Amino acid sequence: MKQAPLHVIDSHTEGEPTRVVVSGGPDLGLGPMAERAGIFREQHDWLRSAVCNEPRGHDAMVGALLCEPYEPDCCCGVIFFNNVSTLPMCIHGTIGLVVSLAHLGKITSGSHRIDTPVGVITADLRADGSVEVANVPSYRQAAGVSLEVPGWGTVTGDVAWGGNLCFLIDGQGPAVEFANLEALTAFAWLVRQEFGKQGVTGDGGVEIDHIEVFGPPADPALADSRNFVLCPGKAYDRSPCGTGTSAKLACLSASGKLRAGESWRQAGILDTVFACRFEDLPDGKIRPRVSGRAWVNGESRYHFHPSDPFRYGIPTHIQHTPSS
Ligand code: PYC
């Protein structure tokens, strides 16, 4: 059967790209978003690879498949994915999705509920174009987890859920500076591999696949902290990573360093900033609110010529075991 062209909108959120698949995607049924994400992973991985891998994409690309929602009162559903698999959640991608939907005239300023595989989130598109996302409940799963990392000795950090499962390291590893991108990537990848080798996972066997390294901000007047975040496909997040920042807020809350309603400005490695706060939830978790800006910067139709050997992308060499 001939594959229909895909219509995609490109944007970047504080530097990190999002590619929204607006139409032409596969029929995943009308079940809950987690079920549809499973069908997408198992039966339609070609779309993920066609959108995120070369020659159309690159390792940092995050895709967002626009779907009909399952949950009532949502404006849409979404499945996020990257160069290696699906992502349970993506905040920079949500900000990119909202700005893309506004660009298409599908939504206007105001509050919008969005259905995702890990729960309903709310995105507020403000008059100034910025977007605040109220994320899924986030929490610290473990504090002071240590592991031996070759060449670095004992590395200690916290494990926290912010829509993706993150390991947060503060003050160890290479200095968090743009000039150290390669060293930071090598360090974070070693940490990630060590978790794999030692079989250390989060609650329910979920893979710890976002590694974050924190350091002081370039300018304390503009941010409270600067991070480097290595995503599951070995690409660093160009933005401050919204799920990683949600995990950070959960750790700050758990250690009593930040209280509900207080502001946290998280800079990423490009010194772009997410402005954040959180609410306490009755079960001890928090609801992070992360705001940032995105810009639409492209729009395409993808064609799939049967003679093109790379119409479904060049498979990545990065090894990854999807856990959700
Ligand atoms: O902003 O949550 C995020 C994110 C996850 C992976 C890349 N960006």
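How many bridges join strand S11 (residues 165–170) to S12? Five, and the two strands run parallel. Strands pair if DSSP finds at least two bridges between them. Strands (E, at least two residues) and helices (H or I, at least four) are DSSP runs, numbered from the N terminus.

This is a predicted model: local features need pLDDT of at least 70, side-chain atom pairs count only at pLDDT 80 or more, and totals for chains, interfaces and linings use all residues. Residues are numbered from 1 along each chain as its sequence is written, and side-chain values use heavy atoms, leaving out hydrogens and water.

**Strand S12 and its partners**

Leu168 has Glu212 of S12 as its bridge partner. From S11 the chain passes through helix H4 (residues 181–198) to S12, a right-handed β-α-β crossover. Right-handed means that, with the strands pointing away from the viewer, the path from the first strand over the helix to the second runs clockwise. S12 also pairs with strand S13 (residues 225–230), antiparallel, over five bridges. There, Ile211 has Leu230 as its partner.

Six of the six residues of S12 (residues 210–215) are buried, so the strand is largely enclosed by the rest of the structure. Buried means under 20% relative accessible area (1.4 Å probe, protein chains only). His210, Glu212 and Phe214 cover one side, and Ile211, Val213 and Gly215 the other.

**The ligand**

| Residue atom | Ligand atom | Distance |
|---|---|---|
| Ile91, backbone N or O | oxygen | 2.9 Å |
| Asp237, side-chain N or O | nitrogen | 2.8 Å |
| Gly242, backbone N or O | oxygen | 2.8 Å |

Taken alone, the ligand exposes 240 Å², and the protein buries 99% of that.

How values were computed: Buried < 20%, exposed > 50% of the residue type's maximum accessible area, 1.4 Å probe, protein only. Polar contact = N/O pair within 3.5 Å; in protein donor to acceptor, adjacent residues only side chain to side chain. Areas by Shrake-Rupley, 256 points an atom, 1.4 Å probe, with all protein chains shown as cover.
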